[in-house]
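User: I would like to learn how to read strands and sheets in a model. Can we go through one together?

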Amino acid sequence: NAIGVVFQQPSLDDLLTVWENITVQAALYGLAGAVVAQRGQRWLEAFDLWDRRNDRAGTLSGGLKRRLEIAKTLLHEPDILLLDEPTTGVDPVARRQFWQDLQQVRSERPITVVVTTHLLEEAERCGRVAILSSGRLIAIDTPDALKARVGGEVVTLKLRHGDEGLASATALLDQLQQRGAPWPDGAGPRLVDDTIYFEREHGAAAVAQFADVIENRVDEIRISRPTLEDVFVHLTGQKLA
């Protein structure tokens with residue numbers, strides 16, 4: 001009973017009402033009577049679903065269904081809440097509301113929330129982030145500490161598509177490696193799909209240094225402070241699927 005789970009795929013019964021979904025979930029944990037009435041109303045009100053309690057779950061939007069999923073999962077007051085890709089198929093507005101709702105839950109009672117996600121802007125909200133690649137744990141730390149592993153600024157070169165393809169990309173990669181040597185560990189240029197990434201303390205100065213090499217060979221140049229996506233590329237050498 002210490003664990004609650006919100007699965008990636010919805011576990012609601014669309015033919016039952018919102019309240020009936022609550023009572024079915026409660027019965028699975030041996031809850032009944034006044035306890036269900038009190039907790040059910042509490043969490044439905046918390047997620048703005050109390051006025052929809054008599055509506056069939058199938059009539060709810062994707063965002064409201066996610067709220068109902070969490071509401072029913074919290075009925076038995078778990079100490080740990082596991083969320084598997086919780087905002088899959090949810091629009092950006094509903095996704096933002098979802099995280100606000102979750103923050104409200106955490107402010108009301110002590111609970112540990114474990115989230116799996118491919119959306120790294122969501123991972124930014126977490127106290128600690130674990131990065132997995134091919135089933136292996138690559139790193140675990142706070143978001144800020146992970147981003148500090150990436151040196152200075154990240155330069156992203158979106159390659160121009162042409163007849164030379166991979167050969168041209170590889171040649172550019174070699175030129176950057178030679179021109180910028182010596183590179184700090186992990187900061188050197190690497191090719192991921194059609195994009196070259198590298199790290200420099202001052203990104204704009206680096207672009208100026210390599211201007212004659214990259215001229216007419218890229219469609220886009222981006223210079224930014226490291227994000228968790230940059231950390232993922234830095235540590236694994238690949239983009240998120």
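This is a predicted model: local features need pLDDT of at least 70, side-chain atom pairs count only at pLDDT 80 or more; totals for chains, interfaces and linings use all residues.

User: How are the side chains of a strand arranged, and which residues of β2 are on its covered face?

Analyst: In a regular strand the side chains alternate between the two faces of the sheet. In β2, residues 80-84, the covered face has Leu81 and Leu83. Ile80, Leu82 and Asp84 are on the uncovered face.

User: In which sense does β2 pair with β1, and with β3?

Analyst: Strand β1 (residues 3-6) pairs with β2 in the parallel sense, over 4 bridges. Ile3 has Ile80 as its bridge partner in β2. Strand β3 (residues 112-116) is also parallel to β2, with 5 bridges between them. There, Leu83 has Val115 as its bridge partner. Between β2 and β3 the chain passes through helix α4 (residues 92-108), a β-α-β crossover that is right-handed.

User: What is the strand order in the open sheet of 4 strands?

Analyst: The order is β7-β8-β6-β9, with antiparallel pairing. At the edges are β7 (190-192) and β9 (218-224), each pairing on one side only. Direction ignored, neighbouring strands of this sheet are turned by 25 degrees against each other on average.

User: How many bridges join β7 to β8, and which helix packs on the sheet?

Analyst: β7 and β8 (residues 195-200) are joined by 3 bridges. In β8, Ile196 is the bridge partner of Leu191. Helix α10 (residues 228-236) packs on the sheet and touches β6 (153-159), β7, β8 and β9. The direction of α10 makes about 110 degrees with that of β7.

Methods
Residues are numbered from 1 along each chain as its sequence is written. Side-chain values use heavy atoms; hydrogens and water are left out. Buried means under 20% relative accessible area, exposed over 50%, partly exposed in between (1.4 Å probe, protein chains only). Helices (H or I, at least four residues) and strands (E, at least two) are DSSP runs, numbered from the N terminus. Two strands pair if DSSP finds at least two bridges between them. A crossover is right-handed if, with the strands pointing away from the viewer, the path from the first strand over the helix to the second runs clockwise. Axes are lines fitted to C-alpha atoms, for helices over the stretch in contact, and angles run from 0 to 180 degrees between N-to-C directions. Contact means heavy atoms within 4.5 Å.
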